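Me: I've got a model open and I'd like to learn how to read its features. Can you walk me through a few?

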Amino acid sequence: EALNVLQNRPGVTEEEMARLEFRFVTVLEHETHGIPNLEKQVGKSPALFVQALALLCRRDDGGEDPPEWHVKDEETSSYLGTAVYRLLENIRCVPGATDTGEIDEKALMAWVKEAQSLSAKYGRGDIGDIKIGRILSAAPVGADGIWPCEPVRNVMEECGTAEMAEGFQTGIYNSRRVHARGEGGEQERVLAEKYRNWSRKLRFDHPYVATTVEGVAESYDQQAGWQDSESAVRRRLSR
């Protein structure tokens with residue numbers, strides 16, 4: 001409630017709100033306020049995104065990070081690692097998004113390329129692509145009714161990697177969260193068909209994105225079979 005009041009108070013900057021949201025990120029992921037200012041800050045700054053990665057995981061090239069990135073206190077380092085993980089898991093605003101919800105493709109392309117370049121420079125190229133894919137999975141449906149929207153599919157087609165596809169797919173699974181279950185895997189089959197239809201429509205112009213989306217459909221196929229088996233076991237045990 002306090003953050004909602006501050007959000008509308010003149011003189012309180014986006015940067016100040018972002019710092020408060022980061023401090024309470026593990027609580028705000030369950031609240032309606034969310035982390036809108038923090039999302040915008042990350043979406044504006046690939047460098048901030050990579051600095052967050054540095055707090056989350058070590059370099060994979062044996063190099064040294066800038067001194068100002070080092071956190072000597074173990075307790076503080078643990079807290080920051082947890083906060084950064086929750087931040088990167090809960091970003092639902094695609095970089096380049098305007099206040100009206102549209103996505104500026106040039107801005108998104110520039111952000112992704114810079115984030116990839118800095119991630120590689122600081123020895124976190126693979127995890128950087130995974131987290132970029134996770135962020136891009138929050139894309140809306142495009143104006144043509146196909147998902148993901150045109151700017152995101154174009155950027156992914158040019159910049160995509162196996163790691164980005166992995167993060168993108170994981171983001172889809174995680175966004176489903178808790179849901180009411182029916183009997184068997186019918187829900188999963190419906191989802192598989194939805195993503196497969198999009199994949200078919202993307203196949204010729206965006207083959208990388210189509211393959212990535214098809215992977216989501218195949219995963220739901222597998223989950224449907226598992227749910228069918230679980231349901232059959234429960235029926236046998238209840239006799």
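Me: At 25% relative accessibility, does cysteine 93 count as buried, partly exposed or exposed?

Reply: Keep in mind that this is a predicted model. Buried means under 20% relative accessible area and exposed means over 50%. Cysteine 93 comes out at 25%, so it counts as partly exposed. Cysteine 159, by contrast, counts as buried because its value is 8%.

Me: How many disulfides does a search of the whole structure find?

Reply: A disulfide is a covalent bond between the sulfur atoms of two cysteines. Here the search turns up zero.

Me: How do helices H7 and H8 pack, parallel or antiparallel?

Reply: Check the angle: over 145 degrees counts as roughly antiparallel. H7 (residues 105-121) and H8 (residues 125-136) pack at about 155°, with axes 8 Å apart, so they are roughly antiparallel. Their crossing is right-handed. On the H7 side the contacts include Leu108 and Trp111, which meet a set in H8 that includes Ile132 and Leu136.

Me: Which residues touch the most other members of the largest nonpolar core?

Reply: Phe49, Leu136, Val152 and Tyr195, out of 58 residues. Helix H12 (residues 207-238) gives the most to this core, seven residues. Leaving aside residues up to four places away in sequence, Val152 touches Val94, Ile103, Leu108, Leu136 and Ala139.

Terms used. Residues numbered from 1 in each chain as written. Predicted model: local features only at pLDDT ≥ 70, side-chain atom pairs only at ≥ 80, totals over all residues. Heavy atoms only, no water. Core = buried A, V, L, I, M, F, W, Y, C linked by side-chain atoms within 4.5 Å. Buried < 20%, exposed > 50% of the residue type's maximum accessible area, 1.4 Å probe, protein only. Helix = DSSP H or I, 4+ residues; strand = E, 2+ residues; numbered from the N terminus. Contact = heavy atoms within 4.5 Å. Disulfide = S-S within 2.5 Å. Axes fitted to C-alpha atoms, helices over the stretch in contact; angles between N-to-C directions. Parallel < 35°, antiparallel > 145°, perpendicular 65-115°, else oblique. Left-handed = near helix turned anticlockwise from the far one by under 90°.
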